[in-house]
Amino acid sequence: MTRDDAFLDTLRAAVGGSHVLTDPDVRASYETDWTRRWRGEALAVVRPATTDEVIAILLACAAAGAAVIPQGGNTGLVGGSVPRNLAAGAQVVVSTVRLRDLEPVDLLAGEVTAGAGVTLAALQAHLRPVGFAFGVDLGARDSATIGGMIATNAGGIHVLRQGPMRAQLLGLEAVLGDGSVIRRMPGMVKDNTGYHLPSLLAGSEGTLALITRAHLRIVPIRPRHAVALLALGDVADAVSLAGDLRRSLPELAAAEVFFDDGMELVMRHASAERPFPDRHATYLLLEADGDADPTERLADAIADAHGVADAVIASDEAGRARLWSLRERHTEAISGEGIAHKLDVALPLARLAEFIRRVPELVAATRPGSATYLYGHVCDGNMHVGIIGPAPDDEAVDDAVLRLTIEMGGTVSAEHGIGAAKVAWLEADRGVADVAAMRAIKRALDPSWMLNPGVLLREAQA
């Protein structure tokens with residue numbers, strides 16, 4: 001029996017043979033990220049169902065010197081949850097998809113506990129019948145898991161009102177590389193007893209601990225909704241209008257911007273009908289909600305808005321879904337064109353319009369013939385950049401866009417994380433002292449550098 005065979009037997013003893021996947025064809029979907037740019041080979045994919053099983057897996061990996069790659073729904077876009085080229089040692093993907101317990105909703109406190117493998121859609125379905133909603137929503141809701149969303153501090157479409165995942169996090173349970181368990185459950189809204197470890201793990205991308213459960217803040221459902229799609233000639237008008245509405249329209253829940261080339265791409269891939277008879281340069285999608293129907297308030301707010309050439313409003317569920325699909329289907333439409341370079345950045349709002357104008361020109365100058373698609377969450381300055389054309393391993397356009405982002409005072413990762421894709425840019429964004437502090441935390445909690453090596457931080461240094 002080889003050393004790997006003995007190690008696999010230990011893993012099988014921990015979770016059962018059917019949940020240790022070694023067949024290459026079965027492993028394949030766990031070894032490639034959503035963009036298809038990042039892939040690697042794992043010795044096995046292991047799927048624990050309990051915290052005790054996670055402890056056993058991490059102890060076994062530590063004894064075998066194997067790297068642990070935590071993975072939720074594998075919807076990431078920066079190579080942070082799949083195996084990668086490491087100098088030595090086996091890699092084990094630990095999939096959290098079986099950690100999907102959902103506890104009864106605490107109606108009095110407005111809180112709920114969810115396993116790390118619970119999908120966002122499952123959480124939403126759990127809350128809806130009792131009159132609650134979750135503050136974070138995003139297009140990958142059917143696959144994205146609560147643990148993965150915490151690990152990347154996901155944001156999504158409602159950050160302007162509810163904040164990102166870190167703002168929803170009251171407590172959590174997570175397993176360190178040595179098998180010890182961090183547990184602050186259920187967690188209090190007011191809790192100043194020492195360092196708030198849940199906040200530390202939010203955004204840590206699986207490099208400090210493997211999250212198993214979370215205690216979350218939830219919000220009452222606002223049952224009435226209206227969605228407007230505005231056509232504008234200039235992106236600066238869209239940014240200015242979104243800012244004005246954020247101040248003047250309390251019902252505003254989401255504000256998304258996209259552009260005519262992205263609209264055309266979605267139309268082609270989705271075989272959908274164009275919402276306006278004419279084409280326009282810029283589109284601003286707005287959602288308002290409340291206990292009362294917000295349609296009239298939204299219509300009044302945009303009636304005399306500067307720069308608006310056309311508009312359509314929907315208050316029925318089907319109509320709202322059609323308008324939202326024009327924004328939410330951008331990611332899959334871009335991927336339908338080929339292997340895309342996907343970047344996720346945030347800019348100061350005062351410079352967002354300038355950034356949007358400059359990026360296509362920059363990409364065209366860097367790699368002529370490339371197609372650039374931009375879309376994002378306008379009120380928090382978060383833009384997604386999808387580029388089709390360069391080879392998957394050609395980093396020139398990535399580097400050019402990230403360099404411009406930093407020069408304009410932005411951040412190279414707004415909600416997708418650093419992953420493996422942007423490790424080289426972390427110090428340029430955060431500075432030497434910040435990264436040194438991060439490395440000190442990593443060494444304290446994961447001294448063997450076992451958890452997600454090669455993600456967020458460069459490899460261990462002496």
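The model is predicted, so local features are taken only where pLDDT is at least 70 and side-chain atom pairs only at pLDDT 80 or more, whereas totals for chains, interfaces and linings use all residues. Residues are numbered from 1 along each chain as its sequence is written, and side-chain values use heavy atoms, with hydrogens and water left out. Helices (H or I, at least four residues) and strands (E, at least two) are DSSP runs, numbered from the N terminus.

- Strand β11 (residues 224-232) pairs with β13 in the antiparallel sense over 9 bridges, where two strands count as paired if DSSP finds at least two bridges between them, and His225 stands opposite Asp289 in β13.
- Strand β12 (residues 252-259) also runs antiparallel to β13, joined to it by 7 bridges, and Glu256 stands opposite Leu285 in β13.

**Arg327 in helix α12**

- Arg327 is found in helix α12 (residues 317-328) and is buried, with a relative accessible area of 7%.
- Leaving aside neighbours within four places in sequence, Arg327 is in contact (heavy atoms within 4.5 Å) with residues including Glu256 and Leu285, as well as Phe258, Tyr375 and His384.

**Helix α4**

- The buried residues of helix α4 (residues 120-127) are Leu120, Leu123, Gln124 and Leu127.
- These residues cover an arc of only 100° around the axis, which puts them on the same side of α4; the arc is that of the directions from the helix axis to the C-beta atoms.
- Among the elements that cover the buried residues of α4 are β5 (111-115), β6 (132-133), α5 (146-151) and β9 (210-217).

**The open sheet of 4 strands**

- An open sheet is formed by 4 strands in the order β5-β9-β7-β8, with antiparallel pairing.
- The edge strands are β5 and β8 (181-184), each of which pairs on one side only.
- Strand β7 (residues 169-175) is joined to β8 by 4 bridges, and the bridge partner of Leu172 in β8 is Arg184.

Terms used
Buried < 20%, exposed > 50% of the residue type's maximum accessible area, 1.4 Å probe, protein only.
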